[in-house]
Protein chains: 4
Amino acid sequence: MLEALKEEVWRANRRLVESGLVVLTWGNASGFDPGSGLVAIKPSGVDYDVMAPQDMVVVDLDGRVVEGTLNPSSDTPTHLEFYRNFQGVRGAVHTHSVEATAWAQACREIPCYGTTHADQFHGPVPVTRYLTAEEVAEAYELNTGRVIAELFRDKDPLAQPGVLVAGHAPFTWGKNPMKAVENAIALEAMARMARLTEAVRMSEPVPPLPDYILEKHYQRKHGPNAYYGQKK
Amino acid sequence: MLEALKEEVWRANRRLVESGLVVLTWGNASGFDPGSGLVAIKPSGVDYDVMAPQDMVVVDLDGRVVEGTLNPSSDTPTHLEFYRNFQGVRGAVHTHSVEATAWAQACREIPCYGTTHADQFHGPVPVTRYLTAEEVAEAYELNTGRVIAELFRDKDPLAQPGVLVAGHAPFTWGKNPMKAVENAIALEAMARMARLTEAVRMSEPVPPLPDYILEKHYQRKHGPNAYYGQKK
Amino acid sequence: MLEALKEEVWRANRRLVESGLVVLTWGNASGFDPGSGLVAIKPSGVDYDVMAPQDMVVVDLDGRVVEGTLNPSSDTPTHLEFYRNFQGVRGAVHTHSVEATAWAQACREIPCYGTTHADQFHGPVPVTRYLTAEEVAEAYELNTGRVIAELFRDKDPLAQPGVLVAGHAPFTWGKNPMKAVENAIALEAMARMARLTEAVRMSEPVPPLPDYILEKHYQRKHGPNAYYGQKK
Amino acid sequence: MLEALKEEVWRANRRLVESGLVVLTWGNASGFDPGSGLVAIKPSGVDYDVMAPQDMVVVDLDGRVVEGTLNPSSDTPTHLEFYRNFQGVRGAVHTHSVEATAWAQACREIPCYGTTHADQFHGPVPVTRYLTAEEVAEAYELNTGRVIAELFRDKDPLAQPGVLVAGHAPFTWGKNPMKAVENAIALEAMARMARLTEAVRMSEPVPPLPDYILEKHYQRKHGPNAYYGQKK
């Protein structure tokens, strides 16, 4: 069942890995079919190399396995919370990509420092609060989804297609599984750019190259008597 | 028409991607043919993998599409401003490469800290001002080009073949499309080196390895009684 | 003898390199067979490209070569100390992977800043003291193992499957050679994330992108009059 | 003539590129044959992809081209100074590898912070002074070599097989061209590790992950009721 969706979810998981966002097996992508109310998701802890489309596990919105012999991702209850709450969202992704995870671990939202960010997210990338000890003790993964949904009560999830979970890592989503992957790729780039922007902004110029060396190097390559490279 | 130029522009776009400067579809290269006054440029938001030379869009210097069924890059009006203003420039590139973008987002010019920079750019890499709300509201991409051209009024564009747009990202150019790509590659390396130079310069030595460990490791590999590796 | 173990150790060494943790020949993996009490380990200073399973050297727990014509890794005495002391450990890995080595050189344990770390290590990654001049002078590699074993006297090595040696680099281990490699990969990611977490946490927001530019970029790509990309 | 040396030098240049140390054409390797007193070196500004062994240029120790139709690397006079002054050195390499160049641009020697460094270099990696305006004006590349030789007057070049030229970049050397390349690779890793060591050492711990989340994540994957992954 849902062969097209399983294929789509499998391809999304493959692209996650090819994009360098996933270390070992730390990542998963899912897709939602609103017609049937079913979700296809990556099996838990399975090597990407040996994973085939038919290994994707199909679950309903209550998390019951409808098709598949493998355990679904342990993060499945978090994904389901997105599909139950976020209008129009049909794909979701979780990674521990390094740069976004650093912001999540630092419990800081990612400010919008440039157009790269503004092209993808309509404002800062929000960060959740930590889950409480009670939320962790019972239904941890479900409560992770609830804390995210709580944060997005007044937001448009398609305009801000991602979040950082404090002390954990990013989740992204989109109109389909591949869009969710693209948002994960974009988020990682935005997170890195934001870190470097602060570093460059807070840093100060140090002594530059002496002018006579600058001049020498520029002229030996581009000046009228240039001698770098081969005769043209 | 302009098959050679379209091929050249296509190859420049491919090399951009192979150089790791482009995330998703965030980059574009164009080329200018002064004889006909026409420009070939990458189509907007198209995947690099499926793009062929004949997909390059041909526009005139006023931005009218002369050939091609796809939309040209949304940054086309910025590129055209270069060809209208910069004598001898026949190729232009836009990327959101991470290190150069960090400087653009920090609104800092890149100082010339070494010969790597001096080999490519005759002085610091300048940064524009932010566009005003008015400039953004009408003809945003054209005004991006104008703000750059304004900054280069007294500069030689071929001696300083690139710029950072505040809050946005770098643009580079050159005598042909491939040279513009090479300048984008060089700019990214220069931006990274400049950031690291400031970090290393402002940092201070911390306690070194104890001498007796240094000595042990050096001697076990290179000393008269070395026992690392295989007998020679 | 022990063909299966030698193959397993060889594969672990190959994966180390493919994972980007090894520069030149700076890394080695070994495996332990509790039945025979023997260990298979990479030969010293041999290129990974030309190394075959039968090149793995077999030694006993006292370090005597039992099979093989090449010298075993110079770090063999350190590996043996693990197998003699750590119940259930059957694989060990040593690398000079950059991020973990930076923490080792800074003589700092890696705090647990997030779930990526908590998924792999039950608490901070500890760092040893420096070896004394006496410990370096006699049986350096054995004493490296002893200093690690000393630090783990009250720890569960399988719950904290790795360590940083002060001024040196990381060692990891596990239930088999491939698990030890996976722990080395995880440790490198954790070390990088921890460094970036501190950097992001101690940094502060700088001026963000003006709102009117954020709005323009978001809307030109996603708004009702979007003109980025191709018509759908 | 010197076909074996030219092949060796060509292979060294290829490996430089494959090691990621070279951006565009910014790097070169040479080799010295003490019997004939001749040197084979990379031609200037030629693409690595199209370069063949027979393109290597042969020069004598005074820099006169003895064989070859291409211009030798513009850095040839620097290389020759090594072969004239450094006993036992038969290979030399110049790159603008990013991390080592950052230290050169910051005019700082690289302290020895760990055994990775001690395995390769017998002490800190020294940095030259800037060349004077006079030294730059006449025989710039030769004077670059002289400033290096001056710094090594009391050092053993084979025990400290590399240097940072202030405001410029690293040079390394060795017993043969491939050893010089390996020293360039090692130097880049050491430079990166040293930068990160200072960053980690000067940084301070920030709030860790709450214990109840650490415990939850560790136990859900490794505890008696683990539910991560597939049933074993």
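Predicted model: local features only at pLDDT ≥ 70, side-chain atom pairs only at ≥ 80, totals over all residues.
Residues are numbered from 1 along each chain as its sequence is written, chains are lettered from A and ligands numbered from 1 in the order in which they are written, and side-chain values use heavy atoms, with hydrogens and water left out.

Let's begin with chain D. Find its open sheet: seven strands in the order β4-β3-β2-β1-β5-β7-β6, with antiparallel pairing. Helices (H or I, at least four residues) and strands (E, at least two) are DSSP runs, numbered from the N terminus, and two strands count as paired if DSSP finds at least two bridges between them. Strands of a sheet pair through backbone hydrogen bonds, either parallel or antiparallel. At the edges of the chain D sheet stand β4 (65–67) and β6 (162–164), each with a single partner strand, so one side of each is left without a neighbour in the sheet. From one strand to the next, the twist averages 25°. Angles here run from 0 to 180 degrees between N-to-C directions, and axes are lines fitted to C-alpha atoms, for helices over the stretch in contact.

Now zoom in on one pair of strands. In chain D, β1 (residues 27–33) and β5 (residues 91–95) run antiparallel and are joined by five bridges. If you look for D:Gly27, you'll find that its bridge partner in β5(D) is D:Thr95. Lying across β1, β2 (38–41), β3 (57–60), β4 and β5 of chain D is helix α1 (residues 3–18), which runs at about 155° to β1(D).

Next, turn to chain C. Its open sheet has seven strands in the order β4-β3-β2-β1-β5-β7-β6, and the pairing is antiparallel. The edge strands of chain C are β4 (65–67) and β6 (162–164), each with a single partner strand, so one side of each is left without a neighbour in the sheet. In chain C, two bridges pair β3 (residues 57–60) with β4(C) in the antiparallel sense, and C:Val59 stands opposite C:Val65 in β4(C). Helix α1 (residues 3–18) of chain C packs on the sheet, touching β1 (27–33), β2 (38–41), β3, β4 and β5 (91–95), and its direction makes about 155° with that of β1(C).

C:Glu3 is found in that helix, α1 of chain C. Its side chain reaches the backbone nitrogen of C:Met1 at 2.9 Å. C:Glu3 and C:Lys179 are 176 residues apart in sequence, and 19 Å apart in space, C-alpha to C-alpha.

Time to see how the chains meet. Where chain C touches chain A, the contact (heavy atoms within 4.5 Å) takes 32 residues from chain C and 34 residues from chain A. The size of an interface is often given as the accessible area lost when the parts come together. Chain C and chain A bury about 2900 Å² between them, 63% of it on carbon and sulfur atoms; buried area is the accessible area (1.4 Å probe) that two parts lose on being put together, summed over both.

What holds hands across this interface? The rule finds one salt bridge between chain C and chain A, where the term means a side-chain nitrogen of Lys or Arg within 4 Å of a carboxyl oxygen of Asp or Glu. The partners are C:Arg192 and A:Glu99, whose side chains meet at 3.4 Å, N to O. The side chains of B:Arg15 and B:Glu182 meet in a salt bridge (3.2 Å, N to O). B:Arg15 lies in helix α1 (residues 3–18) of chain B and B:Glu182 in helix α7 (residues 177–202) of chain B, so the pair ties together parts that are 167 residues apart in sequence.

Definitions and conventions
Polar contact = N/O pair within 3.5 Å; in protein donor to acceptor, adjacent residues only side chain to side chain.
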